[in-house]
Each structure stands twice: as C-alpha cells, then as structure tokens.
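Q: Hey, can you walk me through a few spots in this protein? I'm new to reading structures.

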Amino acid sequence: MLINVHSYYSLRYGTIPIDQVVDLLIREGYDTAVLTDINNSTGILEFIKYCQLKKFNGLAGIEFRAQDKLLYIGIAKNNKGFERLNEMLSICNLEDRPLPSRAPELEDVIIVYPFGAAPEKLLDNEYVGVKPSQLTRLYAWSKSSMEKLIIWAPVTFSDPSDFVLHCKLRAIDHNILLSRLKAEQAGGRDELLISSPQLIAAYSAYPQIIYNTHRLLEGCTFEFDFTTVKNKQHYTTSSYDDKVLLEKLALEGWQVRYGSGNLKARERVRQELEVIDRMGFSAYFLITSDLIRYTQHRGFYHVGRGSGANSIVAYCLSITDVCPLELDLYFERFLNPKRKSPPDFDIDYSWKDRDDVFDYLFTRYGKRHTAIIGAMSTFKDRSIIREIAKVYGLPKTEVDRLMDDPSYVGNNNEIVGKVLATYQSLPKDFPNLRSMHSGGIIISELPISTYCAVDLPPKGIATMQFDMYTAEDIGFEKLDILSQRGIGHIKEAVDIIRKNRGVNVDIHNVAIIKEDSQVNAQLKSGDSIGCFYIESPAMRGVLKKLRCDNYLTLVAASSIIRPGVGSSGMMDEYIKRYRNPESFTYLHPIMEQQLAETFGVMIFQEDVLKIGHHFGGLDMADADVLRRLMSGKNRGRHHLEEIKDKFFLNCRNSGHDESIAREVWRQMESFAGYSFSKAHSASYAVESYQSLYLKAYYPLEFMTAVINNEGGFYARWLYVTEARKAGGSIHLPCINHSDLKTVIAGKDVYLGFNMIKGLQVATITAVLIGRSRGHYHSMEDLIARTAIPLEQLLLLVNAGALSFTGLDKKTLLWSAHLLHSKRTHSSASSPAQSLLLLEPSRTVTLPAFAGAEDETFFDEMELMGFSVTLSPFHMLQTSYRGQVIAAELMSQVGKKVKMVGLYVTAKPTRTKHGQPMAFGTFLDLNGDYFDTVHFPDVYKRYPFYRSGIYLIMGVVTATFDFPSITVEKIAPLPIGPDPRFSQE
C-alpha cells in the first residue's frame, strides 16, 4: 500500500538503510511497497534482493524532483517499465537538461502526481496521490474523479527522532546553517512510517481510494534473477564460436611466448581453455584480448594484473606479461569450478591514453550497453563531523581542534555534543554522494537501463548509479581500466631515448631485463627513485633489508609492504626468515608443505586460499569467499563469522592444536582489505623492472620522463635533484631551448615552461611559434615575434628564461619596461608588422645594478617551488651541517647524533593505541637519503611542517642493516632574509 518509500539512497534526504526498510515494512504489517528514491534507482536491485529473501513484494520506482520540488512519482508496472524510467532519467542526466514538469508517456509506467499539483486532464496511466492530511480537501471532488486518487503516505523516517537527522542532511545539502533551513527544503514530519492498520484507518472514509491503490499495486510486479551472468554473453555470435576463436588465439600466443617445444605450457593452456569454456567465460577473455590488440595497434603500453594474471591463457593473449609457470601461480586462484564469476582483469594504461581506451570500449560495444560502475562516497568519520559541525555554525578553527585533539577541554560544550551525537547515530557506511569507480567498466548483454539509470559526472562518461558491490551481487563482472603514471614514465622514456640517443629500447623484452646484472644491482642498492611502486621510503627500505636482487624476491617484496602483512608483524618475520632460512621452525607441517616458497609466512592472497583449504579444511568455494572477504572485495562480511566457525570446527576435527589454529587465523585475518594476489604482485614487479632498466642505463632520459608525467611518490623538485645526481646539467626554462615540458639534449636538461607559475598557455604557444623561425637573439627580438604582455615577459625574466642574453635580471627587467613602453607608441599593429619594421633602436645605457645571488634563490622558489641555481643548504643562516652524514649512519648505531636534513616526505600514521606518530625522509648535504622515526611524544612536542631544512637529534637504530634515526628533537633551521625586500 506504500507507493513512495525512501531509503538512505535518497541522498542527503532519506535516513533508512535498505535492509531496515524491508524489515520495518514487514514489522508494520505491509506486504507490498514501492521503493522510490529521489532521482535515482541506486538501491532498487539491492531492495528487490532483500525482498526476495524476506518473501516481501517489493516494487520499483523513482521519485522525480527539481531541486526541492516534487514533480511526480514513477512506478514500474514490470521490469520493462523500470527500464523506461531509467532511460528517461538517464537521458536528462546525459544531456544535462531538466526533468520535464509533466511526465512523458512511458510504456508500462504509472505516474503519480502530488495532490494539488496534478494536470487538469490525466492520462490512463496517471493518478493523484493524497496524503492523510489532505483528505479534508476532497469535498470538491466528484465520485468519478475519485477513481484517479490513491493513497500517498511518503516514508522517509522510521522514528520521529530521525526527522532531526533528516533536517541536518537537508542543511548539509543546501550548505546552510540548520537554523536557516526552510520548511520547503525538507520533508514533512508526516513522512514517518506508520503501521498498515493505521494507514487503512486513516482512509476508511474513502474506500474508493483504498480500492484504487490495491488495484494499482496488484497490477505491478518485479522479477529479477540474481544467479545469472549479466555481462555480454558472446564476443562472436555463439558460445561455440567463442570457444573456437579463443583456442586459436591462445595457441598462437603459446607459440610466441614459449615456442612449439614447451609441452608443459601447452597442456596448461588446454586445461585452462576447458575450464574457461565450461564456466562460460570465453567472451570475457575475448573482449579483453580485443582491447589489448586495439591498444597495441595504437602503440599504448599496458600492464595486465588482477586474478586473471594467474592465467596462462591471459599470458598467451598478451593481456599480462606474467608467466604462471615461472611463478608457480595457483591455478585455483585463477579459476575453480565452484567460482561463479570470471577472474577479474585490471588493465593499467598511461593516464594520457586511458580516455581513448574508454572511447573505444563505448564505441565498440555501444553506449546503451556500456558504462562505468558507480561508487558511493559515504559520511566517514572526519567528513561527517565536519559537515554536521558546519550546519551548527561551529567555526573552522574549532572544528580543526575537535578533529586534531578530541580530548581538548574546550570541546566539552553543547554544540560539540550535538555534533558527536549525530555522528554516532548514523548507520555504518551512510551514503553521502554518488561518484564513479576508478575505472571499472561494465559491458552488458542487455541495455544498462535494465538495471539502473546512469549519471554523467564531471569526467563526462556515463556512470551507473550503483557500485561494484551491487554490480557483483546482480551478476556483473567489471573490467578495470585504470591509469597510472608509471606506464607514462616508461613509454615517454623510451621515446626520449630514441630521440636523444638514437637507441630503440625493447622495453617489453622482460625476460632479458629480469636477468640483467646491472638492473639487479640497482634493485639491491635501493636506488629506485622514480621507479613504479618501489620508490617510496618504506619500499626502498624493504629492498635493502631483503638485499633484493632478483625478480622473484621483488614479487614477494611487493606484497609484504602492504599494511596487512606489515601490521601483523609478518613482514619482519618474512625478512628474518629470508635472510636466515635455517633460523626458524614452521608453525605446522602443512605450513611447510604449502608455504615453503615464502618460508611459512602468508604474504599473498593465494596463501590464504591454500591454508584455508589444506589446514582449515574449507572447500575451495569457502576458501575463495574467505579470500575475497579478506581482500576487501565483498561487503557481506557477516559471512566471515560463518566461515570462521567452520574453520575452527574443521581444525578441531583434524586434531590441530587450538593455539596454533588461533595463530593461523590471526595471520589470515591480518590480510583484511590489504592483501595482494601473487599474480598482482608479479605484474607490479614486471613494471618495476622495466622502470629499473631505464633508470640503470638511461637515467637522465628516464628522470626527464618522470618529471614530465607529474612525478610519482615525491614532489617534482626531488626528481630534478635525481637528474642532477645522475650527471645531468640542469637548466632553468629557456626561451631558446625549452618546450612546454622538460626536454633533454645530450646531458643538458632544460626545465619546461609548465614549471613557471602563472605563465599562460597562450604565452608558451607564442614563444614556441615564434621560435620556429630560429633562436631568439634578444629580448627585443622576442617581443617583436610574440607580442607577449609585459607581465608575462616579466615572469620569463624572473624565471631566468632570458639568461642566454648574458644580462642580469635587473637590466632585463628595466629593458622589458622600456621596450614595452616604446612598443605601445609604435604604429605597428601586429607581431608580423613589428618584425618587418624592426630597425636597430637607439641604445639606452642603463646603470650597473647591484645584484645579490640570493635573489635568484627566492625568484626560483616563488615561480617554480624549488631552486635550481642554489641549494637550500646554501641559504642557511648557520654554517653548522651536523655531526654525521647519511653514509656514516651504520657506524653510529646506538649513538646519539645530530644531523641536518632537507625535508623530503613524511608518512603520518597511528600506533596500535591510536596515537599519532610519523616516519620521515630527509636529504643530507650530499644528496643522500636518511629516514627518521617520530614516536607520539616527540611528534606532538616537535611537529615538522612538510618543507625546509631541519636540525635533527636522535639515536641511530638499525633493522636488518637498514639505519634510521629515532628522533628526540627536531627543529627547522632559519634561512637568510629575502634580499628583494631588503630595506637597504
């Protein structure tokens, strides 16, 4: 009897989670209801699935609003009607046009207008909803007109107290104080769920309305099969043709990858093809393979990863560059007969190429059948507290204090109490706004509108209104098309090497690269700045601790760095066992049987799968569910307790010691949300090796590519520093040599114009076009060819872009003003005319200007954020440079030292007790790195501010021969004053 139920997917309006909606409806005596969230169908299929579980008659609809104004409610008579509603909403979203004030005629759809806002003449499928409070206004309605009236009792809250939460959500949505929220900007207090008998009693004087509502809802139905795969069913025209084509392509790839003599590889290919065909995944592989062929034809680099990287078929199709035989990848992780969804492929492309990849997929498979998966941003801890505090008018300074120091005595006030009470009352994962997945693409057999409407986020790509969890629940498997800058580094570096050295690098010859002694020496040294995934301080530390000098060890290192392994203590345990393989005892013989390669330590998702099955007695289906739960890819975490109980029961039945079983479970549980599959780590390691090869043999070209792809883990200045350390001669942007981005000629690296803050694209374009006639000879020549504005010319001068003239900056600045002044009075009206009329001008003799070298430092810091000409150490007011340098730290273990270091980066974190602390990384005077540890008491007393040079005092410690300083005190060192603003 309820035609207008809101869940919390009516964003910043509704208050009730989907499962609670159904449970409450059943409790209050209803057997039928229509979920009609505002301008979206996000929760419909989640609602229907839970209704099926509870044997409740759930129906589908959408409430259409223009801002705060309710236009009408659309109710689907059936699945086709639901599709029509989604199509209508999608068209408005995609074309960015307002919803029509009068509903269009839609097949299999019922339209309900609010009482008092209905058209005079209603169509056969149109009705008017009447609230209980509006019944007294029906005196003017004729009996025949009553046939168009139905019960309208909107549901937004389950409890009167939820109205307060609703008002706060509406204030957040309107970005206003709660006290300024107007009645028309929120729902009414009457949108409270009442019992079915109460509702019927309210309309007892109007039996016709009750009858109309019953009849209308009895004519509606919604069926959905959640067990079938919803992805595109065939790549060709039939399953058989898909099977034949996939076999042909896989065997051709086998010949290329292994040669015709490797029968072991051929047998693995055959085995996988049988399973792929039997499980109906051939089309998924062919669609992915088609994409790879297209992008290879376009010259796009890619990295294939995900569980699909366990597949030799994927390797033979060039989807991945990971050989499952070399790594002994666990076949059951890739596919097992009880798995219902295909393995996922994550395909990484350069950030420059990904939009083209999206465009190909949407064009190839049709825009009605292709979409990006949505994502739901929720009110997480900090965000909701800030949002609620704003509607109460709490000043930003007090909000910051509340976030940074909740125990502060000033936080004990009524407003803060209300803010925290609201936060604590919110259900977990309360939705805030819809957004888009980072790259998950759905290619559907049926139109996307069969399942939901689509949005058009700022990126301009049609995006489903539900997230990856709902997509998986209803039978979709996404294809992840992701972007990363590491691939851009590699591709551009290869291009730069070809131009600068005339060498064609085969960066895809991974087998040779992995065995290269110079590359492995580079890896062992930890000199990996700029290299994908292995450049962070933590990762460089792991490489040194492991003395990592080969591909297989790097695969393990790529996984043990993850938070789950690290926080459980298993990272250090793995390093200890790796360095001293005779020094430990396996926890249980099964751990030795299954995990000998990793010294009895679980570091990959496959390890959880194997131990869950072989030690915990779980079948492969349960073990895989456990893996998915622990990898954060399934939100049904209630299943975890069921599997945990089964695990311990099986352990008892197998006679395992209970303490050992608990420890095994603890190690497995530590993976929650963070673990990598071995294939995933292997894919990352391949890309890391490609980066290492380029850095080892072509460091300047590689670092130029890193700079041009907006760096990586660190700020841009550090990569410029690395280029200098590699032997490059670093030049400021120059109008005769620089381009938009950084360029290299031999060992000369010219920074790009894009590094100069405030320099406009039009100016850069004018400079480059003007230079096409040859190098500039003078400032006057530059002005004549480009006619760039004075303020832009001054930026170029201050950035050092005209230093080729041999004139100091002050002379150039005076000349700029004089030349522009003269040009203003010139009769020439265009740069071309100026060039033609250019005659030798009278020489204006300028006085010799006193200049300070330090001025250059401040100019460069202001315009580029870092200095090329002078080191920050040069600018220190003190000559003190510390007691030791980074290269001497191992000889100082256990001693208290003082060091001077330039801040590079820091990683704030928290202890097990929730106290803030940090890890820092600094450069010493020689450009060598050293690391620091800031425990909570020191971190609170001596914070550091993310830039500058610091004096650091602390004790040198070493873990696995890797030194760091446990900080006792840290303070910024002052630099000299800016002479540009000197009073002298």
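This is a predicted model: local features need pLDDT of at least 70, side-chain atom pairs count only at pLDDT 80 or more; totals for chains, interfaces and linings use all residues.

Q: OK, so at roughly what angle do α18 and α31 cross?
A: Helix α18 (residues 485-501) and helix α31 (residues 699-708) cross at roughly 130°, and their axes come within 8 Å. Angles over 145 degrees would count as roughly antiparallel, so at roughly 130° α18 is oblique to α31.

Q: Is that crossing left-handed or right-handed?
A: The crossing of α18 and α31 is right-handed.

Q: Which residues make the contact?
A: On α18, they include H489, I496 and R501. On α31, F702 and V706 are among them. By class, this contact of α18 with α31 has 6 nonpolar, 4 polar and 3 charged residues.

Q: And what about α31 and α32, what's their angle?
A: About 170°, with the axes of α31 and helix α32 (residues 716-725) 9 Å apart. That makes α31 roughly antiparallel to α32.

Q: What classes of residue are in that contact?
A: The contact of α31 with α32 has 7 nonpolar and 2 charged residues, and no polar ones. Among them are M703 of α31 and Y719 of α32.

Q: Switching topic: what's the volume of the second largest pocket?
A: About 1700 Å³.

Q: Which residues lie nearest its centre?
A: Of the 49 residues lining the second largest pocket, A538, I561, M571, K907 and F919 lie nearest its centre.

Q: Where does the largest share of the lining come from?
A: From helix α21 (residues 537-546), which gives 6 residues. By class, the lining of that pocket has 20 nonpolar, 20 polar and 9 charged residues.

Technical notes. Residues are numbered from 1 along each chain as its sequence is written. Side-chain values use heavy atoms; hydrogens and water are left out. Axes are lines fitted to C-alpha atoms, for helices over the stretch in contact, and angles run from 0 to 180 degrees between N-to-C directions. Helices (H or I, at least four residues) and strands (E, at least two) are DSSP runs, numbered from the N terminus. Angles under 35 degrees count as roughly parallel, over 145 as roughly antiparallel, 65 to 115 as roughly perpendicular and the rest as oblique. A crossing is left-handed if the near helix is turned anticlockwise from the far one by less than a right angle, and right-handed if clockwise. Contact means heavy atoms within 4.5 Å. Ala, Val, Leu, Ile, Met, Phe, Trp, Tyr, Cys and Pro count as nonpolar, Asp, Glu, Lys and Arg as charged, and the others, Gly among them, as polar. On a 1 Å grid over the protein atoms alone, a cavity is a set of points where a 1.4 Å probe fits but cannot get out, and a pocket is an open set with protein on both sides within 12 Å along at least five of seven lines; lining residues have an atom within 4 Å of a point. Grid points are joined across faces, edges and corners, and a volume is the space filled by probe spheres set on the points.
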